[in-house]
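Please consult the sequence and the model together while reading the points below.

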Amino acid sequence: MDELHAHRKDEHVFITQKQYQADAQNGLNQIRLLPNNLPEISFSEVDYKTTLAGIEMKIPFFINAMSGGSKTTAQINQKLATAAAKTGLAMATGSQSIALRYPETAPGFKIVRKTLPHGLVIGNLGAGHGLHDAKNAIKMLKADILELHLNAAQEIVMSEGDRTFFWKDNIREIVGRLGRPVLIKEVGFGISPTTLSKLKELGVKYVDLSGRGGTNFAKIENQRLHGEDFSVLNNFGLTTAETLIGSQFFQKDFSFTASGGIRNALDIVKCLVLGADNVGISGLFLHTVIKKDVSGLISLINTLKHQVKAIMTILGCHDITELRQTDYVLSVELENFKKQLHKH
Ligand code: FNR
């Protein structure tokens, strides 16, 4: 096996932990939900079932792509999957690219399906891969959905990263012929409205906006410092709040996942109010499982489940459709951002 690739997986986990901040800069504090002081509802009436890439899901958030490809990250996958199995969450693995190239690393991904035999399992590859690899990635995990990540900014700051980015043909073919839902995602720099227009033309229906504000691969790669210093990109991209505002012009075209720096139940609810059908969480769950093990992660997930319902209750919302009607106001900056998008 290629030690360099496995080592990089471990470094990513190690450095995300070092850089983890409880206070995320996801921009969601620039969105304020207005109270509904006459909720006319009881907690037991709230049902937050939703869909992920068109598949029904009982809980509106899930464990997003992170892990697999080394001994340590295989163990992390097992722990994350155990927590997912105990709480009913869906789970994505990290990029399976390494397992397609070095099959001896596949068990560290397959452990997720083994632990979640009846759960919703999401595979993951970069958009540089073609249909053949995509089919093998699905087969490896008996995955229900495939995430394809667009990570040009991450690759360019990595000294060993890709330098050519011709992805549109792969996306069109995989979306058209995989026979499974394909969720196009970023890795924390955010997907722009212009990109959404292009994805629409390629036949894409499901997009994870994956905005800036939590895990930051520009900062991570700068800390690895195997190449040139690229801190100029530390604040590159759109925050999670900005990606959600941008997505509102495309509500009829896609089902959206929101992610990037999600830290608590209010963040989750705000993403749903702004139009996302579900929310992906990576950094927070990784940090929790490393610091507090599986039991700590289970208890966090249960708290989030309870608090999302509690917030829906005080907003007087029976379900996510009603949640979308919640009044909110944007900060001056976000309102300005929205106005400028409108001009395009
Ligand atoms: C990631 N992420 C990621 N995404 C992806 O599509 N394929 C991958 O292999 C990985 N690998 C990975 C490793 C680690 C250690 C982390 C923390 C994250 C990106 C992830 O799915 C998500 O888009 C971003 O991390 C933003 O969400 P958070 O972390 O701010 O909640």
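The notes that follow are grouped by topic.

The model is predicted. A ligand is surrounded by 26 residues, and helices α1 and α12 cross at roughly 90°.

**Ligand shell**

- The shell around the ligand comprises 26 residues, of which His149, Gly214, Thr215, Ser282 and Gly283 are the closest.
- At least two shell residues come from each of α1, β7 (145-149) and α12.
- By residue class, the shell holds 16 polar, 8 nonpolar and 2 charged residues.

**Crossing of α1 and α12**

- Helix α1 spans residues 3-19 and helix α12 spans residues 283-314; their axes come within 10 Å and cross at roughly 90°.
- The two helices are therefore classed as roughly perpendicular, because angles of 65 to 115 degrees fall in that class.
- On the α1 side, the contact is made by Val13, Thr16 and Gln17, and on the α12 side by Gly283, Leu286, His287 and Ile290.
- This contact between α1 and α12 contains 3 nonpolar residues, 4 polar residues and no charged residues.
- Gly283 belongs to the α12 side of the helix contact, and Gly283 is also listed among the closest residues to the ligand.

- Arg8 is located in helix α1 and is buried, because 20 other C-beta atoms lie within 10 Å, and the cut-off for a buried residue is 20 or more.
- Lys9 is likewise part of helix α1; with 24 other C-beta atoms within 10 Å, Lys9 is buried.
- Beyond its neighbours within four places in sequence, Lys9 is in contact with Gly69, Ser70 and Thr73.
- Once neighbours within four places in sequence are set aside, the contacts of Glu155 are Gly161 and Asp162.

**Gly94 and its surroundings**

- Gly94 occupies the loop between β5 (91-92) and α3 (97-101), and 28 other C-beta atoms within 10 Å make Gly94 buried.
- Apart from neighbours within four places in sequence, Gly94 is in contact with Ala65, Met66, Ser67, Gly68, Gly69, Thr73 and Asn124.
- Gly69 and Gly94 are 25 residues apart along the chain, and their C-alpha atoms are separated by 8.2 Å.
- Gly69 and Thr73 are among the contacts of Gly94, and Gly69 and Thr73 are also among the contacts of Lys9.

**Leu238 and its surroundings**

- Leu238 sits in the loop between α9 (217-224) and α10 (240-247).
- Leu238 counts as buried because it has 24 C-beta neighbours inside 10 Å.
- Residues up to four places away in sequence aside, Leu238 touches Gly190, Ser192, Gly211, Arg212, Thr243 and Gly246.
- From Leu238 to Lys139, the separation is 99 residues in sequence and 34 Å in space, C-alpha to C-alpha.

How values were computed:
Residues are numbered from 1 along each chain as its sequence is written. This is a predicted model: local features need pLDDT of at least 70, side-chain atom pairs count only at pLDDT 80 or more; totals for chains, interfaces and linings use all residues. Helices (H or I, at least four residues) and strands (E, at least two) are DSSP runs, numbered from the N terminus. A residue is buried if 20 or more other C-beta atoms lie within 10 Å of its own, exposed if 12 or fewer, and partly exposed in between; C-beta atoms are placed from the backbone. Two residues are in contact if their C-beta atoms, placed from the backbone, lie within 7 Å. Axes are lines fitted to C-alpha atoms, for helices over the stretch in contact, and angles run from 0 to 180 degrees between N-to-C directions. Angles under 35 degrees count as roughly parallel, over 145 as roughly antiparallel, 65 to 115 as roughly perpendicular and the rest as oblique. Ala, Val, Leu, Ile, Met, Phe, Trp, Tyr, Cys and Pro count as nonpolar, Asp, Glu, Lys and Arg as charged, and the others, Gly among them, as polar. A residue is near a molecule or strand if its C-beta atom, placed from the backbone, lies within 6 Å of it.
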